Amino acid sequence: MTIKDRLTREIEARRDDLVTLTQDLIRIPTRNPPGENYREICDYLDRRLSRADFHTELIRAEGAIGDSDRHPRWNIVARREGARPGACVHFNSHIDVVEVGHGWTTEPFGGEVRDGRIYGRGACDMKGGLAASIIAAEAFVATCPDFAGAIEISGTADEESGGFGGVAYLAEKGWFNPERVQHVIIPEPLNKDRICLGHRGVWWAEIETLGEIAHGSMPFLGDCAVRHMGAVIDAMEQNLFPALAQKRTNMPVVPEGARQSTLNINSIHGGAPEQAADYTGLPSPCVPDRCRMVIDRRFLIEEDIGVVEAEIRELLETLRAGRPGFDYDIRELHRVLPSMTEKDAPVVGAVARGVAQVFGREADYVVSPGTYDQKHIDRIGRLKNCIAYGPGILDLAHKPDEYVGIEDMVQSAQVMGLALHDLLGG
Ligand SMILES: [Zn+2]
């Protein structure tokens, strides 16, 4: 039997351990916001990985956005040294999960196993991936104890809210410096036979139209900010949305619909604030003098962020020039540049060979419509050799009855184990 066969068998033999580990992780509810139980899950991972001879460090992102004494942003980095010098392969998983929402038929933090699946919030995004990477690393160390280099496993906070108290903080502190880490795999749920090379860019802004308050029975004495915002939306419908639909990318984004530029109107608020549910009176008659809209623009690697911004500003300036009384403010909320790792990067090749061996066919290469922590590893850490690869179906993320398939996790762990063997030998 070859060493690779022994390794995949060793991972298969740890199937029950993989299930229990995933259930344990789901049962620690790490909802974000507000960012609960980060310390608890880091302590759990600390105990687990210390037993496997990893050297662990718990790092609190003190002073980062979101960090407070009530909800401290804890992270863990665990490192297992090999028998001789070599590269370091780092698996990074976020430990936070999004809110539960409605419509569940299973206990969201129960980790129920049914029909070969584990259910729970975070099962696919991404505690299943974290568990698979731990099993892969432990089985690899047991099978190939004389490997070169090092393996790191991190559990990081706040990916769902931008990653500032997690990967961004660690990258700023040098944890993703290319001199100490050479290959990064993020086990996000991109499906077991697909390699995610990167993501589209993001530009969020808040647009505010300005009017003048007056009595609602005499709207001509005021200036309605909501009508001005209506003109903004109309201009978007007439000009911007059709223009965005024409911009196509060569990035292999999935789903296919995201292979063009997109714009979402995230929220719109105008006029008097909504009253509390127990308020039984009528609203007062006023002309709204402010209307605010948050837009979420996703752009392609072929687009320049300056142009993305200018399109919106020009649309607003055209209205200011042509529409009586139109005035506005605009404020940028968030920006992330697109990121894409080259297909011939070493970590891509190693995982692709693992996929080919486990599934007997070539891996698919994809790009994510939304961003994930790769942005911080790329921009702050300046580490380009980074991909997302992990079990779970992306479409299930953040939905009710989220689950991860047990067989998918085992096979993904085998791909990760083979990639370790490919990169670190032994
Ligand atoms: Zn995720």
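Helix 1 and helix 10 cross in a right-handed way. Handedness here follows a rule: a crossing is left-handed if the near helix is turned anticlockwise from the far one by less than a right angle, and right-handed if clockwise. The model is a predicted one, in which local features need pLDDT of at least 70, side-chain atom pairs count only at pLDDT 80 or more, and totals for chains, interfaces and linings use all residues. Residues are numbered from 1 along each chain as its sequence is written.

**Stop 1: helix 1 and helix 10**

Select residues 3–13 for helix 1 and residues 406–424 for helix 10. Helices (H or I, at least four residues) and strands (E, at least two) are DSSP runs, numbered from the N terminus. The two helices pack at an angle of about 145°, with axes 9 Å apart. Axes are lines fitted to C-alpha atoms, for helices over the stretch in contact, and angles run from 0 to 180 degrees between N-to-C directions.

Now show the residues that meet. From helix 1 they are Lys4, Leu7, Thr8, Ile11 and Glu12; from helix 10 they are Val410, Ala413, Gln414, Gly417, Leu418 and His421. Five residues of this contact are nonpolar, four are polar and two are charged. In this count Ala, Val, Leu, Ile, Met, Phe, Trp, Tyr, Cys and Pro are nonpolar, Asp, Glu, Lys and Arg are charged, and the others, Gly among them, are polar. Two residues are in contact if their C-beta atoms, placed from the backbone, lie within 7 Å.

**Stop 2: helix 4**

Select threonine 143, which is in helix 4. Which residues does threonine 143 touch, not counting those up to four places away in sequence? They are Ile3, Arg6, Leu7 and Glu10. Threonine 143 is buried because 20 other C-beta atoms lie within 10 Å. The cut-offs are 20 or more other C-beta atoms within 10 Å for buried, 12 or fewer for exposed, and in between for partly exposed, with C-beta atoms placed from the backbone.

Helix 4 covers residues 123–143 and also holds methionine 126. The peptide bond from aspartate 125 to methionine 126 is cis, with omega near -5°. Another cis bond joins asparagine 32 and proline 33, where omega is about -10°. Proline 33 is in the loop between helix 2 (15–26) and helix 3 (38–51). Most residues other than glycine have a negative phi, and most peptide bonds are trans.

**Stop 3: the loops on either side of strand 15**

Select arginine 382, in the loop between helix 9 (374–379) and strand 15 (386–388). Its phi is near 60°, a positive value in a residue other than glycine. Is arginine 382 buried or exposed? Arginine 382 is exposed, because 11 other C-beta atoms lie within 10 Å.

Move on to histidine 398, in the loop between strand 15 and strand 16 (403–405). Phi of histidine 398 is also positive, near 70°. With 16 other C-beta atoms within 10 Å, histidine 398 is partly exposed.

Glutamate 402 is in the loop between strand 15 and strand 16. Glutamate 402 has 29 other C-beta atoms within 10 Å and is therefore buried. Its contacts, leaving aside neighbours within four places in sequence, are Gly120, Arg121, Ala123, Cys124, Leu396 and Ala397. Show threonine 106 too: glutamate 402 and threonine 106 are 296 residues apart in sequence, yet 9.3 Å apart in space, C-alpha to C-alpha.

**Stop 4**

Select residues 225–246, which form helix 6. Helix 6 has 22 residues and reaches 31 Å from its first C-alpha to its last, close to the 32 Å expected at 1.5 Å a residue. The expected span is 1.5 Å times one less than the number of residues. Where is helix 6 kinked? The kink, about 45°, is centred on glutamate 237. The bend at a residue is the angle between axes fitted to the seven residues ending there and the seven starting there.

Ala225, His228, Met229, Val232, Leu240 and Leu244 are buried in helix 6. Their cover includes strand 9 (201–210), strand 10 (262–270), strand 11 (290–299) and helix 7 (305–322).

Finish on methionine 293, found in strand 11. Methionine 293 counts as buried because it has 21 C-beta neighbours inside 10 Å. Leaving aside neighbours within four places in sequence, methionine 293 is in contact with Ile207, Met229, Ile265 and Ile268.
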